[in-house]
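Subject: Handover of a structure

Dear colleague,

Please find below the structure that I am passing on to you.

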Amino acid sequence: MNISTKGRYGLRAMLDMAMNASGDPIPLSAVAQRQGISEGYLEQMMALLKRAGLVRSIRGAQGGYTLGRKPEEITVKDIFVCLEGPIAPVSCVDEQVVDDCDRLEYCSTRVVWNEVKLAIARVLEQYTLADLIKMEAAHGG
């Protein structure tokens, strides 16, 4: 399983916004510059994050983006599922996909794939943006 740049950059952008939150909207250009990410690419990700309620956009000269919830309430899983889609490594353990596999009822490998999905979900749910901010501070970031 590979995490795309969308997931990696999206997490970095959300962490950047959480670390630089002052109550005022953060211009996307500032996030793009600090993170070395194309502003156009960030705009695509922000549209998805906004649809999921993870960020809010404010229009106008003083506009930009703010987090949609407190950093303690946004998990890494929230961000990844929004940007990458389901965590399931194969379609037969993805609740959003109706899999018509004829081996579904007796497939022993399905048990393994479901355990992989659950393990990944547990790790991603374990960390919030607030946790990552603390880690950054501990490493001098």
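The model contains zero disulfides, a disulfide being a pair of cysteine sulfur atoms within 2.5 Å. C92 is in none, and the nearest cysteine sulfur, which belongs to C107, lies 6.1 Å away. C92 counts as buried at 16% relative accessibility; buried means under 20% relative accessible area, exposed over 50%, and partly exposed in between (1.4 Å probe, protein chains only).

Please note that this is a predicted model, in which local features need pLDDT of at least 70 and side-chain atom pairs count only at pLDDT 80 or more, while totals for chains, interfaces and linings use all residues. Residues are numbered from 1 along each chain as its sequence is written, and side-chain values use heavy atoms, with hydrogens and water left out.

Salt bridges

The count comes to four salt bridges, where a salt bridge is a side-chain nitrogen of Lys or Arg within 4 Å of a carboxyl oxygen of Asp or Glu. One of them joins K117 to E95, with 2.3 Å from N to O. This pair links distant parts of the chain, since K117 is in helix α5 and E95 is in the loop between α4 and α5, 22 residues apart. K117 is buried, with a relative accessible area of 8%, whereas E95 is exposed at 67%.

Another salt bridge is formed by K77 and E125, whose closest N and O atoms are 2.9 Å apart. Here too distant parts of the chain are linked: K77 belongs to helix α4 (residues 76-84) and E125 to helix α5 (residues 109-126), 48 residues apart. K77 is partly exposed at 23% relative accessible area, and E125 is partly exposed at 41%.

D78 forms a salt bridge with R69, with 2.8 Å between the closest N and O atoms. D78 is partly exposed at 27%, and R69 is partly exposed at 31%.

Helix packing

Helix α1 (residues 5-19) packs against α4 at an angle of about 135°, and their axes are 9 Å apart. Helices here are DSSP runs (H or I, at least four residues), numbered from the N terminus. Axes are lines fitted to C-alpha atoms over the stretch in contact, and angles run from 0 to 180 degrees between N-to-C directions. The angle makes α1 oblique to α4; oblique covers what remains once under 35 degrees (roughly parallel), over 145 (roughly antiparallel) and 65 to 115 (roughly perpendicular) are set aside. The contact (heavy atoms within 4.5 Å) involves residues including L11 and M14 of α1 and F80 and L83 of α4.

Yours sincerely

Key: Helix = DSSP H or I, 4+ residues; strand = E, 2+ residues; numbered from the N terminus.
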